[in-house]
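Subject: Structure handover

Hi,

Here is the structure for you to look over. My notes follow below it.

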Amino acid sequence: MSEMWINMGPQHPMTHGLWNLRIKVDGELIVDADPEIGYLHRGIEKICEYRRYNEVITLMDRTCYVAGIAWEQLYIMAAEGALGITPPARAEYIRVLSQELQRLSSHIIWYAAYVQDIGLMTPFLYGMRDRDLVLDLFQSYTGARMTYEYMRVGGVRNDVPVGFTDRCRKVMDWLDGKLVEYEKVCDNSTIFLDRTIGVGILKAKEAIQDGITGPVLRAANVARDIRRDRPYSAYPEIDFDVAIHDGADCYGRYRVRMEEMKQSVRIVRQVLDWLDRNPGPVLAEKVPRFVGTPSPPPGKEIYVERRGYPKGRGFSSMEEPHGEAMAYIINEGAEHPYRAKLRSPVFVNIAAAKDYLIGYRISDIPAIMGSVDVCLGEADR
Amino acid sequence: MVDTIYSVVYALVVYALNLLGPIVPIAPSLGPGLAVWLSYLVVGAIIFAFSLVNVLVFIWWERKLLGRFMDRRGAMHVGYAGLLQNLADGLKLFRKQPFAPKDADELGYYFGPTAYLVMSVMILGLIPLSFGVSGGVVPLSLLVALALFSFAPLFIFIASWSSNNKYSLIGGMRTAAQLVAYEIPLLLAVVGVVALTGSFDLNVIVGDQARYGWFGLPLFLGLLLFFVAMLAEVERIPFDLPEAEAELVEGWSTEFGGMLFAFTMMGDYVRALIGSYLIVLLFLGGWSMPWGLSNFPLSGLVFFQVKTYVVFAIFIWVRASLPRVRTDQLLQIGWKRMLPLAMLNIVWALALVVWGWPTIHWPVL
Amino acid sequence: METKYGKTVKVAAPPPAGVRGIVVQPMALVARQFFKSLWRPSTILYPMKERLENPEFREEVKVESGAPIGVGEIWDNYRGVHALNIKTCISCNLCAFSCPDTCIEMVNVDAGGGKSKKCPQIDYGKCSFCGFCSDACPEGCLTMTPAYTITTNNRKNMVYSPERMFEVFKVKLPQNPTRIALPANEDVILLDQDLCIGCNACARDCPTKCITMIEIPRAEAKPGEKLPKRIWKEPSVNDSECVRCGTCISVCPRECLYWGARK
Amino acid sequence: MTGTALSLSELPSALAGKFPGKVTPVPGRKDMLAALKVLPEAIVPVSQFLRDQGTFEHCALVSGVDWIDRIEVLYHLWSDEYKGYLELSVDLPADEPHVASVTPVWSGANWHERETWDMLGVRFDGHPDLRRVLMPEGYRFHPLRKSFELREPEELEVKARHV
């Protein structure tokens, strides 16, 4: 019996969260893989059905611990669709700003963790140091570092504080230099290139068939970016490039993410300029009572019908740092969503683990699964 | 200098024996012989303990330097600038309950890491810290040291297999493959030095370098090979595959906790210390310095330590800037790159011998 | 929707094997960082140097880290421990209603003069620091401050009573300056006149006293119908003073008050 | 494949022609290219057709809604050609719901169908590996059914206050 199953997880340094990658190995060679998730399942979709529209926001932050605000906006866009509310333009721009800052922080932490997976710990600390600047930015306008609770149905909670744009520009200038440094550490290191080039290949056709999205798909030479293809928020007004790579391997994913960070810096600069020029309100003037704050008790159920709020279905889709995220909300005129469904890109990207892994070695597992950028909080929900 | 220490210790031992004389009856004929024997033991123990303390400082050195490479501070709370942090860690591990996993082979489980540490520590007794200052005086010290050094994979494999853990097993297999693969370029790189000196005695090797210049210059290729092979032998990044924590949790030492883990950890650092010592002794002139800098009392001892720490700093620097290679790439580098280069190095050393490098004294062997 | 911009760029492939810097460049880069951080690494010595209480902290972090701005600086609008002004609290319950984590409980506090009133008590073991409560507070008496050290080794200490939050208020920490302007609530309290029995419970419990019981004209008795003998009163809500806390709805014994669009 | 692709305007008529009476459009969805209600028995051929002729190569989401009297399974498809989403929905009976699996058409639907089985108890016939994915193996309930009440005391508290 030369083959054996190994459980990598649920507590394993490679997993970056709680999941279990069962692999069958023949010596060092992987012959089969079976990912198992669910260790972090909190039943967010079910709890949503018991919470009022604004209260769901606190759950969304905790869906993904590295990209909280992305999920907030995802949910808020779907809820606004279900309730028929349009946020003001300034709110949309602040949302785009939040998205891109979140993308920066998420990709930086991805970079840090990824290079550490491959065995180099130094950039991990560099990444953490620079991510902290981005988190400080978040903190300066949302009031929290990771669990923002910033988006509201109909806009955002508050405007950016005075002096924020200058401060943000400074951080962007600093990141410009640091991103080049990150690339130097990896691109000029023969060992890094040997570890990533030609490893974990997932070609375009297979990737589309598997439902893979995000940087992993773009690294396979498919230019699909929801921000450009089905623009939401203020993205139609913003100039940015969609980065693709034809390697379809770990190196390609790394390159795509590095380029996306540069594009994010570019987008943030545009948004800051816009924010400087266009003051205005950040919350819609009127929202239904049960989604605005404060949210007092609803009264008796018999009167819910009497109010006659419109029923509807809200759907939103966006380019989260990990890929294409979707939210689907059914509003039956009640205080809380009738059904809230979230589509996590990581959920699908993990499901295809077999396709990335078979034929490579145990040493490649951190390199491959790390390049997928796994965040179990949103995969399990 | 060792004579000074020895005479001081001898005087103390004789004094102590005299004090004990009325209480413990010792045959007067045994007295002087016992005193000599005891003072050798004490001097050996002092030198040995020096090296062991050095290991603790080594870990501190790595923590601090690695911290600065990574833009952070490293250990800083226990003792001055965190110097005693390792002692605290050791104490913590010491207090933990020793245990073996349910299906582990207990004999091998306890024996493996212990023997790994003991075997590594034994080498410290052979390393001269300055001329003639070593725990034990062995004419073939280099040979014995390298022989003991290459025992490690055996114990690692015993430890990993008896842990009854798949990660440990894979880590142990990797260790065996890696250490065996890099043993050969390591030894072949040493051959160059031995060919130039004609001796396996580390004292002689350093003495020759003091007279005719460091071997690191004529045998630069050898130095490089020895350095890289040593990186692999002491399992440090970029060759730390046996304990590649990203995929193998903690490699062959996954199942060890408490003091056994301390043994594996300490064994690693003892080996790193020995590796740095050997690099300095074989290629960087040991305790000798040009321009007679090492002629002052105790300066040889100091210079040797300084050089060792600088060499280890380079180990740390490499660790801070390079990722880990893959198993197949590691073996490829070992067998396909380093081995031919090591051969080339021997040819070059022999060519030096033939061209009349001044340090040859073959009769000594 | 069409994007104005947004094009595809192909990221460059890595340089061919011959031209790669092998290992020298990363090592040089790391060494440069070593000398940069030799004396002043970016670490913030947090427990040794308190972030909030130390006024020079901001300047210090600026100097110590190489970063362009203060790393780890706590801005005034950080959502930390709550400060409660007991004196202006109107016991409207809105904070407790808006809390998604049910961590706010209304407890009795001494209001002076032998009276007591209900004020919020917060269990930080449950709190998620979302700020909904301070957003909801109509009087601005419950705010969030940048104080963030609530660490304790006893779970009971995590429960902050109104008095304890009043202490936080008295310390005069910077108050959260970004209290939001709430979106105009399109709903008002409406009355189902068929059900009202004129019991006065809503007017009695209204925290802002915006409900007054007004006498309504006695309707003409239809043939065969008997009207009650006592004076007929029903609540009238002053919408501009109403904080929309819904207390009246919850106390109404006949379920005759409800939310609805303004008529 | 792109050569035979239909344009977006041709798609409804082509669908109606190929699957008469089995596909009905649902009006009033602005955020989608179209929303279609499909009869359960036609879902696989419709999927096949949409993937091959309609360029809907990416199955973004398979999910479900419990309407108490029936269970609705939703499919969201993305087309790189039309840059938009298409929604298919299938109504199934509330007891013992089962529908043919679309995993042979899009392998990306694999885990989504597993999750829908896990959460709503919809059986997907022909699925290669229909196990629970989030809940533990051997769990007795399908938590997103409306008949499943939250049982945590705190959640009951929330519920009591809100409903």
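Leaving aside neighbours within four places in sequence, which residues is Trp317(B) in contact with? They are Phe69(B), Met27(C), Val30(C) and Ala31(C). Contact means that the two C-beta atoms, placed from the backbone, lie within 7 Å.

First, the ground rules. This is a predicted model: local features need pLDDT of at least 70, side-chain atom pairs count only at pLDDT 80 or more, and totals for chains, interfaces and linings use all residues. Residues are numbered from 1 along each chain as its sequence is written, while chains are lettered from A and ligands numbered from 1 in the order in which they are written.

Back to Trp317(B). It is found in helix H12 (residues 299-321) of chain B. Helices (H or I, at least four residues) and strands (E, at least two) are DSSP runs, numbered from the N terminus. Trp317(B) counts as partly exposed because it has 17 C-beta neighbours inside 10 Å. The scale is this: buried is 20 or more other C-beta atoms within 10 Å of a residue's own, exposed is 12 or fewer, and partly exposed is in between, with C-beta atoms placed from the backbone. Phe69(B) is 248 residues away along the chain, yet its C-alpha atom is 7.5 Å from that of Trp317(B).

Chain B also has a helix pair. H9(B) (residues 220-233) and H13(B) (residues 327-354) pack at about 145 degrees, with axes 9 Å apart. Axes are lines fitted to C-alpha atoms, for helices over the stretch in contact; angles run from 0 to 180 degrees between N-to-C directions. The crossing is left-handed, meaning that the near helix is turned anticlockwise from the far one by less than a right angle (clockwise would be right-handed). H9(B) contributes Leu221(B), Gly222(B), Leu225(B), Val228(B) and Ala229(B). From H13(B), the contact residues include Met338(B), Leu341(B) and Trp348(B). By class, the contact has 9 nonpolar, 2 polar and no charged residues. Nonpolar covers Ala, Val, Leu, Ile, Met, Phe, Trp, Tyr, Cys and Pro; charged covers Asp, Glu, Lys and Arg; the others, Gly among them, are polar.

Next, chain D against chain A. Here 31 residues of chain D are in contact with 33 of chain A. S3(D) (58-66) gives the most to the chain D side, with 6 residues. That side has 16 nonpolar, 8 polar and 7 charged residues.

S3(D) also pairs with S4(D), antiparallel, over 8 bridges. Strands pair if DSSP finds at least two bridges between them. Val65(D) has Glu72(D) as its bridge partner. In the hairpin of S3(D) and S4(D), with 3 residues between the strands, Ile68(D) takes a positive phi near 65 degrees. On to S5(D): it runs antiparallel to S4(D), joined by 10 bridges. Leu74(D) stands opposite Ser89(D) there. Of the 10 residues in S4(D) (residues 70-79), 8 are buried, so the strand is largely enclosed by the rest of the structure.

Last, chain C. It has 7 helices and 11 strands. Of its 263 residues, 33% are buried. The domain assignment, automatic or from a database, gives domain 1 (82-170) and domain 2 (187-218 + 230-261). Their C-alpha centres lie 28 Å apart.

Best wishes
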